[in-house]
Amino acid sequence: MGTDGIHNQMLKNLPTTLLEWIRTLFNLCLSEGVIPELWKMARITMIPKKENDKSNPNNYRPISVTSCIGKIFERIITKRLYSYLESNNILTNIQSGFRKHRRTADNLFFLSQKVAESFNRKKNVCCVFFDISKAFDRVWHKGLIFKLIKLGIPPIITKFVMSFLSERKFQVAVEDYLSNPTIIEAGVPQGASISPLLFSIYINDIPKKGETNSNNSQSLLFADDLVTMFFFKRKGHMETQINKYLSELEIWLLKWKMKIAANKCNYMIFTQNKTNIPKFKLHINNDLIPYTDHIKFLGLIFDNRLNFNLHINEIRTKCLDRLKIIKILSHKSWKLSPSTLMNIYKSLLGSIIDYAFMCLHLISETDLRRLQAIQNNAIRCIFRLPYDCSREELVPYEQGLGLNSVAERLDCLNERYITKCIANSNSLFAKLIADYVGGFSARIENHSTPLSLYYLLWAHPSGEPTSFSNLNSSHD
């Protein structure tokens, strides 16, 4: 509970009369544009990121606890504000963070497919990955209010946000001691349900590419994770074009009091050329952005060949460590049933493997077999089978627990993802389909290059793709 001493369990057990009083209080706060001070006080507990480095102040992550009743009020306003933003198409469609029916898979899927399509078109892709330093903590309050007014957000919500951000205070708790209250002068409050939405509004007008035409460039956002792609066949004037975009980004960051460090950003060239990889001199804040041949973006490791070998290696490393837990728990002394152990496997290992579903058709058969080997080992442990038990012998055990092979499982997740995108009218997915179908005939002339996943899943036997407009009716 927060500093007001009101617990969620208290609120759940309140009689109807008191709930009506709380509703009256909420309406009064809205009409007056004022929030009680106790709702704006946060108690912060510092949690160490690494247990072996507790002496370093930078190694701690602050966890804020605020008023429970204040959070209920925030959720109500958040729901109203989100509805207004979506119904008026205010948020850019390249932003996938903190939105209904959107997830990290949208950006990862889009990026991998755009690169695959570029390979089909004999093009290279320069991707610049940006790291905005402490973005949530640097939101300029007056700048945010200005943007709310400029976007035409209803005044009653704008007044709420002004009161919500002003005179906010925090105290740091260390064991039984509390620091003196300190005013928060910038940033959106940690732990507040409305903070991610306010940040999305603040960053909504950041310079980006591809909102209208994505043939030459495209940007993607997930909260503050920004990546911009530039497609090219020859180096030519591409370096100048990219640096021009970086200059626009610099100006925006300076204007809105945000900060970016070149040494924490990276650029990568996706190419099929093994011998001559084009390089650029890209500058931001007069510093060179370093080049890398692989990068971890939203939990997925991309390499410049788009074969995901490094990501498969990381999956194997994580899973083999966690497989030791399955081996321990499968001992007869624990008396756990195979179905229970299978649920543990799905939670500890299957969840890691499943996250790679969007790159299924871009990884090799060898890598798929390496992933299947992890599941095979888990099945052997669960049923205490011999180590040399063949894959064919393991299939009945898998089927008995309702478990598919890794390839089947990833393929099923792909279909489920695409179906949900269509059902929920995912605008980023629709844009990707439109771009792909628009240049379809020119992009599949050479089948020796990697084909995009959409062709593999949705193309008719005749070779013609299903258009986005009738995908919903064609897929049952």
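Helices (H or I, at least four residues) and strands (E, at least two) are DSSP runs, numbered from the N terminus. By that count, the protein chain here has 17 helices and 13 strands. This is a predicted model, in which local features need pLDDT of at least 70, side-chain atom pairs count only at pLDDT 80 or more, and totals for chains, interfaces and linings use all residues. Residues are numbered from 1 along each chain as its sequence is written, and side-chain values use heavy atoms, with hydrogens and water left out.

Let us start with the overall size. Taken along the principal axes, the C-alpha atoms of the protein chain fill a box of roughly 70 × 65 × 55 Å.

Now look at two helices. Helix α9 (residues 309–329) packs with helix α11 (residues 365–382) at an angle of about 5°, their axes (lines fitted to C-alpha atoms over the stretch in contact, with angles from 0 to 180 degrees between N-to-C directions) being 10 Å apart. Therefore α9 is roughly parallel to α11, a term for angles under 35 degrees.

| Class | Contact of α9 with α11 |
|---|---|
| Nonpolar | 10 residues |
| Polar | 3 residues |

Notes:
Angles under 35 degrees count as roughly parallel, over 145 as roughly antiparallel, 65 to 115 as roughly perpendicular and the rest as oblique. Ala, Val, Leu, Ile, Met, Phe, Trp, Tyr, Cys and Pro count as nonpolar, Asp, Glu, Lys and Arg as charged, and the others, Gly among them, as polar.
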